[in-house]
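Reader: I would like to know what stands behind the labels used for this model. Please take me through them one by one.

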Amino acid sequence: MINLFRLKGISSRIWKSILLVLMILFLVVGTKLFMLYRDIYSANVDLDGKKKSFLFIRTGAEIPEILDSLEQNGWIRNKRSLQWVMEKKNYASHIHAGRYLLVDGMSNNVLVNLLRSGMQTPISLTFNNTRTVEEFAGKIASQIEPDSVTILNYLKDGDYLSQYGFTPASSIGMFIPNTYQVYWNINADGFFRRMYKEYLAFWSVNRLKKAEKVGLSPKEIGVLASIVDEETIMNDEKSKVAGVYVNRLKRKIRLQADPTLKFALGDFTIRRILNQHKKIDSPYNTYKYRGLPPGPIRQPSITGIDAVLNYQTHRYLYFCAKPDFSGYHVFARTLKEHNRNARKYQNALNKERIYR
């Protein structure tokens, strides 16, 4: 006969064991779920007191490089958990180059979703006061992904530039100085296409009509504007200086613009143009060759362009820097008057021992 009390005791022990196993499983599963939740949803981006920063992902980058960048900058607390979330979300198949806004306290889930989406933050690309294409290429490359060599090659590629109606000599005139919203990973071709679009937008119907009235094409206006920009930094004087050059062009008088010699010589530090400088055989030597040089001698500014388009109507054919070194100029109608003004300035240079 079966001992019911003994069976009852055995059943009690089994139930206790089952309950214990269940409790252990609950704790294990609960711990795993907590760790899983923490890895996915808890804050993992730590910007060390800053509210935001930017992660740059280059074209062709892979997960290890992206993780290393985050880790080396000290922007994540747990690299392993982020890598796990990236793997689970198949981020390797959805990597998009660009500039991404990181916010302090971001979770792995939010961060990976952002990177997977390709929703990058544009940059404010700014350029102005640039003299050479080499300087321009360097300035642009410091703000977007393409390097300066790539950008410079485009600036000097006649076949490529021809689609925009520019040449290597005139290419810098295509870029209107301003601030533009672009994506950091824009390629060189995309950058040129965007800037040409901005160039066309800048040359509105109103500006085109004014250029026609001046008797110059938009590209020629840019060339003359670059000379005006180099002649004076005083915006309230630029239209007057432009008027002198327009007068000389209309009368077919050589421009005799000192800044064009500096460009031809490749030396912008020259403060005093000498007769020996005027002998250089260059299409940019406006003392030797009539008309405009083949391209801008610097990136023309908007104020310079508008000064030419709205040049001051007068009868002056000459101007010379004032001997007080104020940055302004004195204007003359005749060569005799101009030579008198020039001697005063030369005497001032001698007094200051400025000989080159």
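Author: First, a definition: buried means under 20% relative accessible area, exposed over 50%, and partly exposed in between, with a 1.4 Å probe and protein chains only. Helices (H or I, at least four residues) and strands (E, at least two) are DSSP runs, numbered from the N terminus. This is a predicted model, where local features need pLDDT of at least 70, side-chain atom pairs count only at pLDDT 80 or more, and totals for chains, interfaces and linings use all residues. Residues are numbered from 1 along each chain as its sequence is written, and side-chain values use heavy atoms, with hydrogens and water left out.

Reader: Which residues of helix 4 are called buried?

Author: In helix 4, residues 108-117, they are Asn108, Asn109, Leu111, Val112, Leu114 and Leu115. Just after this helix, glycine 118 has a positive phi of about 75°.

Reader: Why is glutamate 212 called exposed?

Author: Its relative accessibility is 65%. The cut-off for exposed is over 50%. Glutamate 212 therefore counts as exposed. It belongs to helix 9, residues 205-214. Leucine 309 is 97 residues away in sequence, yet the C-alpha to C-alpha distance is 9.2 Å.

Reader: What makes strand 1 and strand 2 a pair?

Author: Two strands pair if DSSP finds at least two bridges between them. Strand 1 and strand 2 (residues 98-103) have six, in the antiparallel sense. So they meet the rule. Lysine 52 stands opposite valine 103 of strand 2.

Reader: Which residues of strand 1 are on the covered face, and which on the uncovered one?

Author: Strand 1 spans residues 52-57. Ser53, Leu55 and Ile57 form the covered face, and Lys52, Phe54 and Phe56 the uncovered one. In a regular strand, side chains alternate between the two faces of the sheet.

Reader: What makes a set of residues a nonpolar core?

Author: Its members are buried Ala, Val, Leu, Ile, Met, Phe, Trp, Tyr and Cys residues, joined through side-chain atoms within 4.5 Å. The largest such core has 52 residues. Leu155, Phe175, Phe191, Phe192, Ile221 and Tyr245 have the most contacts inside it. Apart from it lies another core of 23 residues, including Leu47, Ile57, Ala61 and Ile66.

Reader: Which residues does phenylalanine 175 touch?

Author: A contact needs heavy atoms within 4.5 Å. Leaving out residues up to four places away in sequence, phenylalanine 175 touches Phe127, Phe136, Leu155, Phe191, Phe192, Met195 and Gln299.

Reader: What makes a space a cavity, and what a pocket?

Author: Both use a 1 Å grid over the protein atoms alone. In a cavity a 1.4 Å probe fits but cannot get out. A pocket is an open set with protein on both sides within 12 Å along at least five of seven lines. Lining residues have an atom within 4 Å of a point. Points join across faces, edges and corners, and a volume is the space filled by probe spheres set on them.

Reader: How many cavities reach 30 Å³ or more?

Author: One. The largest cavity holds about 80 Å³. Helix 10 (residues 218-231) gives the largest share of its lining, three residues.

Reader: What is the volume of the largest pocket?

Author: About 1,400 Å³. Of its 50 lining residues, Glu231, Asp258, Ala321, His329 and Tyr345 are closest to the centre. Helix 14 supplies the largest share of the lining, seven residues.
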